[in-house]
Amino acid sequence: MKLLNFVGASLVATALVGCNTMPGPGGQAGVSVLDSNTRAHLDTELTMADYTAFAENVTNKMLSSRLVQSWGNKRPRLIVARLQNNTDNENIRMQDIHDRITETILNSGVARLVDTSATRFDYVVKTELSSTRQYGQDGAELAFFKLEFKMFKIDGEMVGQWSDVLPLGRAKQKFL
């Protein structure tokens, strides 16, 4: 009898666990929470994690450069121009990238950020996001995204340039 009770309890427990993993009406199966630092892709398009990583990588390259390090405690006035979108996707959230760039610079304390309408400033950083794509047979695709900063003095002289490239690939599709 004890064995019968144990088997019955085991079947009930198995059924309850199974119900816990099965989607109900309108439920989702196979959904996972990703680490916020993960740059996983389902397609050859940028994700929010890419925006953040791009902005931080290029901004940190600029901040650690000899030019910016030579400022010491001067804290020059800096304009970060609006990000130019030269990609094939006009739906990229350009403001999110721009906001992350300005946040990183502001938190570094090395410069004073001023609005693009300012009449007194020391440097302008022009930013551009561009992309190229290559297509192969059976749906194979390579996409390359590049975020680039160019820093200019008030007289127009370019004094610095920094960039980061993100390649994304999609394998050819197999047909069964």
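Predicted model: local features only at pLDDT ≥ 70, side-chain atom pairs only at ≥ 80, totals over all residues.

**Entry 1: the overall layout**

How many helices and strands does the secondary structure of the chain come to? I find four helices and six strands, taking helices (H or I, at least four residues) and strands (E, at least two) as DSSP runs, numbered from the N terminus. Reading along the sequence, I get the pattern α-α-α-β-β-α-β-β-β-β.

I number residues from 1 along each chain as its sequence is written, and side-chain values use heavy atoms, with hydrogens and water left out.

I looked up burial for the whole chain too: of its 176 residues, 31% are buried. Buried means under 20% relative accessible area, exposed over 50%, and partly exposed in between (1.4 Å probe, protein chains only). Then I turned to contacts, meaning heavy atoms within 4.5 Å. Of those in the chain between residues at least 6 apart in sequence, 66% join residues at least 24 apart.

**Entry 2: α2 against α4**

Two packed helices are described by the angle between their axes and the distance between the axes. I looked up both for α2 (residues 48-63) and α4 (residues 94-108): the axes come within 9 Å and cross at roughly 40 degrees. Axes here are lines fitted to C-alpha atoms, for helices over the stretch in contact, and angles run from 0 to 180 degrees between N-to-C directions.

So I can call α2 and α4 oblique to each other. My cut-offs: under 35 degrees is roughly parallel, over 145 roughly antiparallel, 65 to 115 roughly perpendicular, and the rest oblique. The crossing of α2 past α4 is right-handed, which is the clockwise case; left-handed would have the near helix turned anticlockwise from the far one by less than a right angle.

Which residues of α2 meet α4? On the α2 side I list Met48, Tyr51, Thr52, Ala55, Glu56, Thr59, Asn60, Met62 and Leu63, and across from them in α4 sit Asp96, Ile97, Arg100, Ile101, Thr104, Ile105 and Ser108. By class, the contact of α2 with α4 has eight nonpolar, five polar and three charged residues. In this scheme, Ala, Val, Leu, Ile, Met, Phe, Trp, Tyr, Cys and Pro are nonpolar, Asp, Glu, Lys and Arg are charged, and the others, Gly among them, are polar.

Glu56 is partly exposed at 25% relative accessible area, and leaving aside neighbours within four places in sequence, Glu56 is in contact with Arg100 and Thr104. Glu56 and Arg100 are 44 residues apart in sequence, yet 7.1 Å apart C-alpha to C-alpha.

Is Thr127 buried or exposed? Thr127 is buried, at 2% relative accessibility, and its place is in strand β4 (residues 123-135). Its side chain reaches the backbone oxygen of Ala81 at 3.5 Å. Beyond four places in sequence, Thr127 touches Ala81, Arg82, Leu83, Gln84, Ile101, Glu148 and Phe149.

Arg133 is also in β4, and I have it as buried with a relative accessible area of 17%. What does the side chain of Arg133 join in a polar contact of 2.5 Å? It joins the side chain of Asp88. A polar contact is a pair of N or O atoms within 3.5 Å; within protein, one must be able to donate a hydrogen and the other to accept it, and residues adjacent in sequence count only if both atoms are side-chain atoms. The Arg133 side chain makes another polar contact, with the side chain of Glu141 at 2.6 Å.

**Entry 3: two loop residues**

Ala140 is in the loop between β4 and β5 (141-153) and is partly exposed at 22%. Its C-alpha is separated by 5.5 Å from that of Arg170, 30 residues away along the chain.

Last, I checked Arg75, in the loop between α3 (66-69) and β1 (77-80). Arg75 is not a glycine, although its phi is positive, about 50 degrees.
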